[in-house]
Amino acid sequence: MRFRLKQPIALSFLRPPRATASFHSVSKQNSFGIAFDIDGVILGGKSPIGNSPIALKRLFHDSGALKIPFLFLTNGGGIPESRRAFELSELLGVNILPSQVLQGHSPFKNLLNRFENDLIVATGKGEPALVMSDYGFKRVISLDEYASYFVNLDPVAQYKRWTTLHESNGLKDFNELVSRSDLLSNKVQAAFVVSDPVDWGLDIQVLCDILTSGGLPGEKNGHQPPLYFAADDLQYQAAFPSERLGMGAFRIALESVFNSIHDKPLEYTSFGKPNPFVFQNAENILRNLLQASGPRNAIKETSNNELPSLKTLYMIGDNPLVDIKGAQQVHCIS
Ligand code: G3P
Ligand code: MG
């Protein structure tokens, strides 16, 4: 397996240390697709980087139809894909479909069969409970709201000078389904770190409470419920000039504390890049986009209703350990 790491040429809006890696080669067709990282490549915080809006426009026909299949493959998140697509469309001046947005937490929807009707807790910036409820989870509550039901759970709450606004969507349904007393007597079946945590102190305290007790803060030691992270980025590029601590840094902090107060090591699963299935999923979506945008006769050439293949898929990212390594782990060319 060979690996290519180079400066993009066609996508000249990218600047060092961004790099491209091609991660698949399956067809004799001359077509290609692109997976764009968001933070540090397309956006710096909420602002487009360089001429990214102009470059993205070149991937569309004048009619507005997609010319080159592309999507956003980010480890970030915190809002549903449909809302992120709307926000990206506004920021970048092109029409982005929800199916073109793959966030770190997008694979959580694959756990619906397991936890659809279970009490689960979600944390992170944005609206983590709304994200999970949008995927179909019926009894999800944000960690902030969950903590608020337990008297004196946060011993430093009175020193926090900010207020927490709870999500209005999703939680209404939750509150209709589960009363406060139910919440205080039912075990949490799983915890999800959906996006970058905001109040690390509270999150570590409450997650340790849930995970060491077997799902109910205040109880004695129990079997650790499953814990899922949307990604494991140690650092990422936001608007500040140097990198910011990401979800992977939070995971290390939580793991370190948990392992110091509990007799068994923390068990967890991390999603997002560089997991190979994330890139394989991206490939499937790009092939769908190609089919939707390609000429009809090209689609007819495919047998058994199979999706058209792409010769090369490009990942354009700024994090070699996440974006490039992930692409490298799938079928690479150079
Ligand atoms: O929180 C976002 C960060 O961890 C990575 O985002 O777009 O660079 O994959 P991105
Ligand atoms: Mg990035």
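Okay, one definition before we start: a residue counts as exposed when its relative accessible area is over 50%, and as buried when that is under 20%. Keep in mind that this is a predicted model.

Is Asn152 buried or exposed? Its relative accessibility is 69%, so it counts as exposed. You'll find Asn152 in the loop between α5 and α6, and its phi is positive, about 65 degrees, even though it isn't a glycine.

Strands in a sheet pair through backbone hydrogen bonds, parallel or antiparallel. Here we have an open sheet of five strands, paired in parallel, and the order is β8-β7-β9-β10-β13. Which strands stand at the edges? Those are β8, at 139-142, and β13, at 269-270; each has a single partner strand, so one side of each has no neighbour in the sheet.

Val193, for instance, has Phe229 in β10 as its bridge partner. Lying across β9 and β10 is helix α9, residues 247-261, which runs at about 150 degrees to β10.

Last stop: the loop between β13 and α10, where Pro274 sits. The peptide bond joining Lys273 and Pro274 is cis, with omega about 10 degrees.

Note on methods: Residues numbered from 1 in each chain as written. Chains lettered and ligands numbered in written order. Predicted model: local features only at pLDDT ≥ 70, side-chain atom pairs only at ≥ 80, totals over all residues. Heavy atoms only, no water. Pairing = 2+ DSSP bridges. Helix = DSSP H or I, 4+ residues; strand = E, 2+ residues; numbered from the N terminus. Contact = heavy atoms within 4.5 Å. Axes fitted to C-alpha atoms, helices over the stretch in contact; angles between N-to-C directions. Buried < 20%, exposed > 50% of the residue type's maximum accessible area, 1.4 Å probe, protein only.
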